[in-house]
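Good morning. I will talk about salt bridges today, and I will keep to a few of them. Please have the sequence and the structure open.

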Amino acid sequence: MTVLLRGARTPGSTREIDVRLAEGVVASVTPTGEGEVRPGDDVVDARGATVVPGLVDAHVHWSQWAQVRRRVDVGHARGPEEVATTMAAAAPGVPGLVVGHGFRAALWSRPPHKEMLERAAPGVPIAVVSDDLHAVWLSPAALVLLGREHPTGLLREHEAFALMTELSTAPDPAELDRWVAAASTEAAARGLTGVRDFEYDDTVATWTRRAEHGLALRVAAAVWEPWLDATLHRGHRTGDAVTDLVTVGPFKILADGSLNTRTAACHHAYPDPADGHGALNIDPGDLRDLMARVARAGLHPAVHAIGDRANAVVLDAFAHVDGPGSIEHAQLVATEDVARFARPGLVASVQPAHLVDDRDVAERHWPDVHARAYPYADLVAAGARLELGSDAPVSPPDPWVAIAAAVARSGDERPPWHPEQALDVATALRASCGGRLELRPGDPADVALLDADPLHADPGTLRAMPVRATVLAGRFTHGAG
């Protein structure tokens with residue numbers, strides 16, 4: 001199938017172009033009127049729409065995103081008792097384990113405890129996943145059901161991650177696959193053509209199965225340590241094609257925890273002495289050895305680092321590793337470490353919606369250093385390569401939400417938060433479109449047609465960007481061809 005997009009415009013320009021998509025790639029880009037219409041062309045009148053490369057979300061947990069809307073939403077709760085009340089109200093309509101999502105305890109006066117859930121819903125197995133995915137709060141009955149023992153019922157970091165696959169809201173894998181497909185179609189309506197999936201799972205095998213039924217997105221399927229040996233046995237390397245739309249992604253490592261769970265490893269201490277300095281999830285020497293091992297095997301390390309100490313430790317480790325990789329999140333960075341992100345082949349994979357959601361949390365728990373949080377402008381000025389994502393379900397997988405947050409540094413009526421770190425629209429858009437604004441012959445035929453020019457849009461228009469059509473590998477996944 002050949003698609004000819006006629007009369008489109010590049011960002012920031014009134015010049016109209018024709019884009020020919022054939023055999024899964026961009027075959028040509030010519031000024032409108034200079035090319036010919038060929039027999040069999042599916043001609044689409046772009047009517048002056050702005051055309052950009054398909055947008056990519058560089059960091060998602062896609063199965064979690066597909067399930068989150070089928071869980072009890074507790075994101076509104078202002079304290080643990082309100083979460084417990086909300087979960088108890090939902091319990092009568094849910095057989096078995098009742099799963100909630102979205103609690104944010106960083107601004108609460110009291111921490112969650114299993115007995116709060118028990119008082120609200122005696123004997124009911126309840127599990128509530130934190131908004132940042134780094135904690136799971138269980139009732140006594142849920143601890144018994146899931147074969148765990150814990151003094152408070154609040155499991156964090158590795159204990160929480162080990163539970164994630166046991167908390168599936170879907171009745172079976174086939175139903176989860178249908179939810180994933182629906183979520184992918186919705187994401188395509190926002191111009192998204194690709195994701196890098198960091199779901200805690202054998203994502204390569206999972207997405208290979210899903211691809212048998214067709215996909216609405218390209219997927220780079222990340223590898224976690226429990227599935228490393230199987231990946232190496234398969235001979236997989238980052239970038240290897242598994243199907244026409246699924247590739248092997250990077251190797252995920254967690255260097256520390258999160259801000260909301262106060263487990264991000266920082267040089268400074270948190271205000272609550274119980275939180276200390278946060279914590280590293282892996283010894284620095286072990287981190288360096290593991291990164292070097294996977295890099296030699298052809299897997300690119302993608303290392304989660306939130307706190308400034310964790311970012312420094314990961315940058316130290318990258319100094320001993322050959323080849324490309326990424327630091328995922330890079331939320332708090334010491335001034336002396338910013339320039340180190342310009343290392344060739346290193347990507348700072350960031351999620352701008354977090355700065356909007358977490359500005360109050362950062363001011364409370366990073367009171368003396370929050371000016372160094374989400375330092376996007378400094379990273380770009382130092383020569384770092386940025387890629388934008390959502391960390392869905394932590395924030396929605398809408399690339400325009402991320403772009404607007406990076407540009408405006410605010411998501412409500414409040415003034416921009418540390419506006420000196422704002423990105424210009426062109427830089428934010430490039431970081432969502434594979435590093436460029438315009439299509440080139442030979443590119444994958446992944447395209448978004450927009451009814452507003454991003455380079456001339458205000459933050460509100462950016463956030464609600466009207467997407468007329470999305471094309472993946474030459475076929476429409478949103479809009480009419």
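**Salt bridges in the model**

Arg104, Asp131 and Asp358 are joined in a network of salt bridges. Keep in mind that this is a predicted model. The total number of salt bridges in it comes to 27. I will go through three pairs.

Please find Arg340. Its salt-bridge partner is Asp337, and 2.9 Å separates the closest N and O atoms. Are these two residues buried or exposed? Asp337 has a relative accessible area of 6%, and buried means under 20%, so Asp337 is buried.

Next, Asp443 and Arg436. Their side chains form a salt bridge, at 3.1 Å from N to O. Here both residues, Asp443 and Arg436, are buried.

The last pair is Asp451 and Arg468. This salt bridge has its closest N and O atoms 2.6 Å apart. Where do the two residues lie? Asp451 is in the loop between strand E19 (447-450) and helix H15 (459-463), while Arg468 belongs to strand E20, residues 467-472. The pair therefore ties together parts that are 17 residues apart in sequence. As for accessibility, Asp451 is partly exposed, at 43% relative accessibility. Arg468 is also partly exposed, at 22%.

Asp451 is partly exposed, and so is Arg468.

Definitions and conventions. Residues numbered from 1 in each chain as written. Predicted model: local features only at pLDDT ≥ 70, side-chain atom pairs only at ≥ 80, totals over all residues. Heavy atoms only, no water. Salt bridge = Lys/Arg side-chain N within 4 Å of Asp/Glu carboxyl O. Buried < 20%, exposed > 50% of the residue type's maximum accessible area, 1.4 Å probe, protein only. Helix = DSSP H or I, 4+ residues; strand = E, 2+ residues; numbered from the N terminus.
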